[in-house]
Amino acid sequence: MAKIAPKEMKQEQKRKQSGEVRPIVQSGDPVLRELAQSVSLKDIGTPRIDAVIADMKITLAGQKDGVAIAAPQIGVPLRIFVVSGAMLKAALEHEKLPTDGIGADLVFINPTITKLSRDKMPLDEGCLSVRWLYGKVKRSVKATVRAYNERGEIIERGASGLLAQIFQHETDHLEGTLFIDKATQLEEIPPEKKD
Ligand code: ZN
């Protein structure tokens, strides 16, 4: 997911990571419309899957407004998404919300949303694969995701606000859904106009 970034979030994030920067697939490419496949549990932690995750992290780190990325966005039709810990922390600080335990990138493999609040809000949204459109999407204010982390451990994480929005945007990607399918008030904001 992409945010219209406040100034302080635009500084280059310096992160030590291996992996390869991949081009971000843009809307119109069929891989974004596929139902992504589950990762077999025996494959979690293998060099192949670790390389996909490393590529996702470094590709996301190269996007100054990128808060999260799903594997299909680098052309890999697997059920994995990564949330940038640094961007999430900066966004929460900007909203004056607690950042306890947030810092490292968060990896979600085979995620399923287990809870969604009935309470919804129209939120500003953009996507690294739909440059440079932004719009409002009605999202549940709270969401809980259950997934495997990169060590193959089951994790369950509840969230509200931005992280809850990210959970919904990224799991949509794994179903072949883009935010533009749901958004209202779509408008184009080219990068130079956001400064
Ligand atoms: Zn997206």
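Figure 1. Strands here are DSSP runs of E with at least two residues; helices are DSSP runs of H or I with at least four residues; both are numbered from the N terminus. Two strands count as paired if DSSP finds at least two bridges between them. This is a predicted model, in which local features need pLDDT of at least 70, side-chain atom pairs count only at pLDDT 80 or more, and totals for chains, interfaces and linings use all residues. Residues are numbered from 1 along each chain as its sequence is written.

**Figure 2. The open sheet of 5 strands has antiparallel pairing.** The strand order is S1-S2-S3-S6-S7. S1 (68-70) and S7 (154-160) are the edge strands, each with a single partner, so one side of each has no neighbour in the sheet. From one strand to the next, the twist averages 40°. Helix H1 (residues 47-61) packs on this sheet and touches S1, S2 (80-83) and S3 (106-116). The direction of H1 makes about 40° with that of S2. Axes are lines fitted to C-alpha atoms, for helices over the stretch in contact, and angles run from 0 to 180 degrees between N-to-C directions. Residues are in contact if their C-beta atoms, placed from the backbone, lie within 7 Å.

**Figure 3. An open sheet of 3 strands has the order S4-S5-S8.** Its pairing is antiparallel. S4 (120-126) and S8 (184-188) stand at the edges with a single partner strand each, so one side of each lacks a neighbour in the sheet. The twist averages 30° from one strand to the next. S5 (residues 133-140) and S8 pair over 3 bridges in the antiparallel sense. Opposite Lys136 stands Thr184 in S8. Helix H3 (residues 161-174) packs on the sheet, touching S4 and S5. The direction of H3 makes about 105° with that of S5.

**Figure 4. The buried residues of H2 line one face of the helix.** H2 spans residues 85-94, and Met87, Leu88, Ala90 and Ala91 are buried in it. A residue is buried if 20 or more other C-beta atoms lie within 10 Å of its own, exposed if 12 or fewer, and partly exposed in between, with C-beta atoms placed from the backbone. Viewed down the axis of H2, the buried residues fall within an arc of 165°, so they line one face. The arc is that of the directions from the helix axis to the C-beta atoms. These buried residues pack against S2 and H3. Lys96 follows H2 and has a positive phi, near 55°.

**Figure 5. Met56, Ile80 and Val82 touch the most other members of the largest nonpolar core.** This core holds 47 residues. A nonpolar core is a set of buried Ala, Val, Leu, Ile, Met, Phe, Trp, Tyr and Cys residues joined through C-beta atoms within 7 Å. H1, S1, S2, H2, S3, S6 and H3 each supply at least two core residues. Beyond its neighbours within four places in sequence, Met56 is in contact with Ile69, Ala71, Ile74, Ile80 and Val82.

Figure 6. Leaving aside neighbours within four places in sequence, Leu116 is in contact with Ser140 and Ala143. Leu116 and Leu163 are 47 residues apart along the chain, and their C-alpha atoms are separated by 12 Å.

**Figure 7. Gln63 lies in the loop between H1 and S1.** Gln63 is partly exposed, with 17 other C-beta atoms within 10 Å. Gln63 and Gly126 are 63 residues apart in sequence; C-alpha to C-alpha, they are 13 Å apart in space.

**Figure 8. The protein chain has 3 helices and 8 strands.** Along the sequence the pattern is α-β-β-α-β-β-β-β-β-α-β. The radius of gyration is 15 Å, close to the 16 Å of the globule rule for 195 residues, so the chain is as compact as a globular protein of that length. The radius is taken over C-alpha atoms, and the rule is 2.2 Å times the number of residues to the power 0.38. Buried residues make up 37% of the 195 residues.

Conventions
Two residues are in contact if their C-beta atoms, placed from the backbone, lie within 7 Å.
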